[in-house]
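I opened this structure to look up a few things and note them down. My entries are below.

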Amino acid sequence: MKIFRGFHHPDIARACALTIGNFDGVHRGHQAMLALLNSEAAQRGVESCVLTFEPHPRDYFAGVHRKPDLAPARIGTLRDKLTELNRCGVQQTIVLPFDARLAAQSPQAFIDEVLVRGLGARYVLVGDDFRFGAQRAGDYAMLDAAGPAHGFDVARMNSYEISAPQARPGSSGPGLRVSSSAVRQALAAGDMQAAARLLGRPYAISGHVVHGRKLGRALGASSAAAGDGFRTLNLRFAHWKPAASGIFAVLVHGLSNAPLPGVANLGVRPSLDPHDVNGGRVLLETHCLTWPADLGPEGAYGKIVRVELLHKLHDELKYDGLDALTAGIAKDCADARAYFASAHALTLTSLQTETRRQTTRDRI
């Protein structure tokens, strides 16, 4: 997949089938839309293209109005979004900076400058609640009316639904609408099974392993942690407001041939000095319950890993001192081991298999 910041690049496709949105999480509704987009692009002999925004428009307006509560919790990082778009077969993604100029741009100017001259849209696919332009004044009807004059077709995709968890197989009961808001609600509640159903895969965060204070190596070094304490893999979550937070049983991909079980803290580490090397940043700190011997003590730094958050153990806690923190981490490790040995892990594995099968059917 080709990725561009803005659309003033000579290598951007001269014509495309386009969809527009934030695509936070790239959930099953997004995946169904992207499957349709790829099909329409192939029929027209043009590239499939996603136009997305960074920052999220609501992040921008939250900053302008100094009202941080207006900003939505972020499901995934830009890296994870682009990774999932690529996995869905998108050929080109444009990341458009959302700034004061774009916020003030009229709907007609957006059509003329971005869709037509900038991207050469031949087909535009949007969701059923799509709005665009200053004051969100542009809507599907305006886009549909502009299509014939500018040489592009317009289509609208209705909401995507999955069966409710309590519904019996084969029943025709009400479905559950898949949306980024629904994913955020599931993650905020710590319901990782519900999040996996909506996403079509386990919720995961990926990134480069970065250096921290290396405090974990000293914590519990005399315990059963093989003399190396609670070594952690540190990944920065680029947004200040993650949709999930707390302590999780996880699987780590990217360090060995098989995923490694672990326990992870996603948040701001309330028990530690806020002025440490990663102070003020949201971190995903993961302790692997087993460590590949061939990596050595420093072998993970700089590697890109993907951490699947499978089961929430509890919210972040503030401990009174390092001894209490050490005991708390040891208990979390024991609870994570118990989780992986339990029927819950087997149930989640079955759920992940089924959601992947359903996602595959959506794309066919």
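These are my notes, taken topic by topic.

**Overall make-up**

I am working from a predicted model. I looked up the secondary structure and found 11 helices and 14 strands. The protein has 364 residues, and 51% of them are buried. I then checked the contacts between residues at least 6 apart in sequence. Of these, 74% join residues at least 24 apart. The accessible surface comes to about 17400 Å². Carbon and sulfur atoms hold 53% of that surface.

**Cysteines**

How many disulfides does the structure hold? I found 0. I wanted the reason for Cys 16. The closest cysteine sulfur to that of Cys 16 is in Cys 49, 4.4 Å away. A disulfide needs the two sulfurs within 2.5 Å, so this pair is too far apart for a bond. I also looked at burial. Cys 16 is buried, at 0% relative accessibility. Cys 288 is buried too, with a relative accessible area of 6%.

**Largest pocket**

I looked up the largest pocket next. Its space is about 1200 Å³. I counted 38 residues in the lining. Which of them lie nearest the centre? They are Gly 21, Asn 22, Asp 129, Phe 130 and Arg 136. By type, the lining has 16 nonpolar, 14 polar and 8 charged residues. I also asked which helices take part. Helix 1 (28–44), helix 2 (57–64), helix 4 (100–104) and helix 7 (180–188) each give at least two residues to the lining.

**Around helix 2**

In the loop between strand 3 (47–54) and helix 2 sits Pro 55. The peptide bond from Glu 54 to Pro 55 is cis, with omega about 5°. Within helix 2, the buried residues are Pro 57, Asp 59 and Ala 62. I checked what covers these buried residues, and strand 3 is included. Helix 2 also supplies at least two residues of the lining of the largest pocket. Just after helix 2 comes Arg 66, with a positive phi of about 55°.

**Positive phi outside glycine**

I noted two residues here. Arg 66 is not a glycine, yet its phi is positive. Arg 66 lies in the loop between helix 2 and helix 3 (78–87). Is Arg 66 buried or exposed? Its relative accessible area is 77%, so I wrote it down as exposed. The cut-off for exposed is over 50%.

Gln 135 is the other entry. Its phi is positive at about 60°, and it is not a glycine. I placed Gln 135 in the loop between strand 5 (121–127) and helix 6 (140–150). Gln 135 counts as exposed because its relative accessibility is 79%.

**Gly 254**

Where does Gly 254 lie? I found it in the loop between strand 11 (246–253) and strand 12 (260–267). Gly 254 is partly exposed, with a relative accessible area of 45%. I then looked for its contacts, leaving aside neighbours within four places in sequence. Gly 254 is in contact with Lys 303, Ile 304 and Val 305. I also took the C-alpha to C-alpha distance from Gly 254 to Val 307. The two are 53 residues apart in sequence and 8.9 Å apart in space.

Technical notes. Residues are numbered from 1 along each chain as its sequence is written. This is a predicted model: local features need pLDDT of at least 70, side-chain atom pairs count only at pLDDT 80 or more; totals for chains, interfaces and linings use all residues. Side-chain values use heavy atoms; hydrogens and water are left out. Buried means under 20% relative accessible area, exposed over 50%, partly exposed in between (1.4 Å probe, protein chains only). On a 1 Å grid over the protein atoms alone, a cavity is a set of points where a 1.4 Å probe fits but cannot get out, and a pocket is an open set with protein on both sides within 12 Å along at least five of seven lines; lining residues have an atom within 4 Å of a point. Grid points are joined across faces, edges and corners, and a volume is the space filled by probe spheres set on the points. Helices (H or I, at least four residues) and strands (E, at least two) are DSSP runs, numbered from the N terminus. Ala, Val, Leu, Ile, Met, Phe, Trp, Tyr, Cys and Pro count as nonpolar, Asp, Glu, Lys and Arg as charged, and the others, Gly among them, as polar. Contact means heavy atoms within 4.5 Å. Accessible areas come from the Shrake-Rupley method with a 1.4 Å probe; for residues, only the protein chains shown count as cover.
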